[in-house]
Amino acid sequence: MQKTKKEIYDVLVVGSGVAGCYGALSLPSDVSVLILSKYEKNTSNSSLAQGGVAAVLDLKDDSYDLHINDTMIAGHHANNIETVDALVHEGPEDVRRMMDFGVVFDRDENGDLDKTMEGGHCRRRIVHHEDTTGAELVRVLLQQVAARGNIELSENTTLCSLARVNSGFRADLLVDGEACSVFCSYCLLATGGIGRIYRYTTNPKTATGDGIRVAYELGASVKDLSYVQFHPTAFNSDDGEQFLISESVRGEGAYLLNTNKERFMDRYDERLELAPRDVVSRAIILESRRTGSDLFYLDITYKPADYLLKRFPGIAEGCRQHGVDITKDLIPVFPCQHYLMGGIEVDMDSRTTVPRLYAAGECANTGVHGKNRLASNSLLEALVFSRHAAEDIARCIRAGFPGVSAHPFTREISGAPMPGNVKSEIQNIMQRAYFVFADEGAVRTGIEQIKNIIKRLRGSKYAVTTEYCEALSMANAAYIILREVEEK
Ligand SMILES: Cc1cc2nc3c(=O)[nH]c(=O)nc-3n(C[C@H](O)[C@H](O)[C@H](O)COP(=O)(O)OP(=O)(O)OC[C@H]3O[C@@H](n4cnc5c(N)ncnc54)[C@H](O)[C@@H]3O)c2cc1C
């Protein structure tokens with residue numbers, strides 16, 4: 001039974017984070033669009049973003065070249081200079097458009113935008129809404145989406161797979177757990193990251209790499225999936241989904257301390273606490289081996305309590321829920337998985353190697369981040385390159401490319417329930433094999449174990465549920481990552 005309003009759409013956008021919503025809003029208003037959201041519409045990496053959006057909005061003390069240079073240094077110069085150039089030059093206009101939509105960024109006492117600092121930036125250029133910037137962007141984007149008559153949003157809707165049909169795709173979905181399919185002439189994948197393949201990640205339950213699997217199954221090129229970012233300072237707890245202590249806390253002066261409560265970054269990098277994320281994460285692991293202890297802390301207690309509570313209300317509250325008062329106590333931290341630099345290979349127009357299939361945001365590999373993303377560049381990337389996808393789709397539609405029509409098909413989703421432990425098996429393998437540093441032996445064993453998991457998932461007649469699709473996506477991402485690590 002049809003669970004969406006229509007059976008045929010011009011554009012299917014998979015994901016209701018910043019990339020999905022902004023991509024949909026950048027399409028012309030006479031194009032019919034269906035946005036899918038796997039769970040509630042605001043459950044996404046985007047909603048959790050704390051630090052802000054990096055953009056050169058004022059050329060008085062900053063320049064595009066400086067932002068480009070910081071991005072390239074953080075990325076170890078493995079970045080694609082053309083996409084970096086587009087990101088940095090075009091991004092400010094997209095940020096201004098977000099303000100026109102109604103996003104409120106913090107301002108100083110003179111009414112100027114309050115720009116913060118994060119690791120790897122040589123200037124204060126990150127605009128933010130307190131420490132809940134992502135939630136503010138998503139709030140406004142979803143409001144805009146709801147106001148647009150051409151856009152439908154379907155929550156609790158999982159894209160299970162895409163099949164190519166004439167002039168487009170058939171998308172097989174589960175809407176509230178029930179099978180439903182739609183046809184679209186163009187598809188924009190904006191499904192976010194892969195964090196959930198690790199036991200310890202900042203990413204929410206949506207981040208299982210579904211878009212990457214779907215693209216891979218269609219034969220799209222997937223590149224540099226092993227470029228995984230481990231954030232150095234997640235709150236150190238046993239929770240699977242780790243609470244992030246944003247880099248802007250170090251940007252505003254927090255010290256990083258080892259188990260002996262000593263600053264130690266000078267042993268590893270002259271930029272100290274403000275070195276790029278990969279450098280700080282590696283320093284923590286090396287320091288833990290040196291001291292024999294996994295205990296690390298952030299200390300920002302020397303700043304006035306009023307200032308801390310105003311500047312970091314979300315982090316203060318998250319820490320308070322874990323029994324830590326950031327105005328008086330040290331914050332226990334440890335690295336955890338945070339972001340994916342690689343992904344579905346796309347060109348400057350966000351086109352994948354499969355005709356009519358686009359990807360943007362964290363699931364896409366535009367090459368802007370190189371081997372390591374500069375802090376607060378990913379929301380900017382999601383904005384700039386989802387707009388590029390929309391502009392290219394609009395060009396194709398205007399050029400009169402034929403649209404999709406419905407085709408007959410059969411689809412079976414019933415089967416035996418998948419065993420409950422598959423996801424945690426994958427997470428344990430990844431945690432052992434490739435967490436900050438790769439463990440050669442565990443990578444080799446991990447590849448064989450993941451191959452077996454994929455065989456089991458594909459070979460057994462399990463019921464097609466969201467849980468099953470996610471496990472398949474996680475195994476697919478884990479396999480590609482470990483193979484890449486092995487080949488390096
Ligand atoms: C804790 C945290 C803090 C961060 N802080 C910052 C920051 O300060 N600045 C910055 O620039 N970046 C930050 N990031 C990174 C940034 O938030 C993300 O990279 C970015 O928001 C990704 O946006 P996206 O739209 O690509 O994906 P997401 O926002 O993750 O959205 C993915 C969407 O895809 C949907 N989806 C997934 N699979 C399916 C499926 N099979 N079917 C249907 N729908 C599906 C999900 O439901 C979701 O709606 C942070 C990330 C985290 C986790």
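This report walks through the ligand site, a pocket and the aromatic pairs of a predicted model.

## Around the ligand

For S16, a backbone N or O atom lies 2.9 Å from a ligand oxygen. N45 likewise has a backbone N or O atom, here at 3.0 Å from an oxygen atom of the ligand. For V18, the distance between a polar backbone atom and a ligand oxygen is 3.3 Å. How much of the ligand does the protein bury? On its own the ligand would expose 1,000 Å², and the protein buries 98% of that.

Next, have a look at the second largest pocket, which has a volume of about 390 Å³. It is lined by 18 residues, and S226, V228, R282, Y434 and V436 are the closest to its centre.

Which elements supply at least two residues of this lining? They are β11 (228–235), α8 (277–291) and β19 (437–438). By class, the lining of this pocket is made up of 9 nonpolar, 5 polar and 4 charged residues.

## Aromatic pairs

Finally, turn to the aromatic rings. Two values describe such a pair: the distance of the ring centres and the angle of the planes. The structure contains 10 aromatic pairs. One of them joins Y255 and Y302, whose rings are stacked, with 5.2 Å from centre to centre and 15 degrees between the planes.

Where do these two tyrosines sit along the chain? Y255 belongs to strand β12 (residues 255–257), while Y302 is in the loop between β13 (296–299) and α9 (305–311), so the pair ties together parts that are 47 residues apart in sequence. You can find both residues in the structure above and see the stacked pair of Y255 and Y302 for yourself.

Technical notes
Residues are numbered from 1 along each chain as its sequence is written. This is a predicted model: local features need pLDDT of at least 70, side-chain atom pairs count only at pLDDT 80 or more; totals for chains, interfaces and linings use all residues. Side-chain values use heavy atoms; hydrogens and water are left out. A polar contact is a pair of N or O atoms within 3.5 Å; within protein, one must be able to donate a hydrogen and the other to accept it, and residues adjacent in sequence count only if both atoms are side-chain atoms. Accessible areas come from the Shrake-Rupley method with a 1.4 Å probe; for residues, only the protein chains shown count as cover. On a 1 Å grid over the protein atoms alone, a cavity is a set of points where a 1.4 Å probe fits but cannot get out, and a pocket is an open set with protein on both sides within 12 Å along at least five of seven lines; lining residues have an atom within 4 Å of a point. Grid points are joined across faces, edges and corners, and a volume is the space filled by probe spheres set on the points. Helices (H or I, at least four residues) and strands (E, at least two) are DSSP runs, numbered from the N terminus. Ala, Val, Leu, Ile, Met, Phe, Trp, Tyr, Cys and Pro count as nonpolar, Asp, Glu, Lys and Arg as charged, and the others, Gly among them, as polar. Rings of Phe, Tyr and Trp (its six-membered ring) pair if their centres lie within 6.5 Å; planes under 30 degrees apart count as stacked, over 60 as edge-to-face and the rest as tilted.
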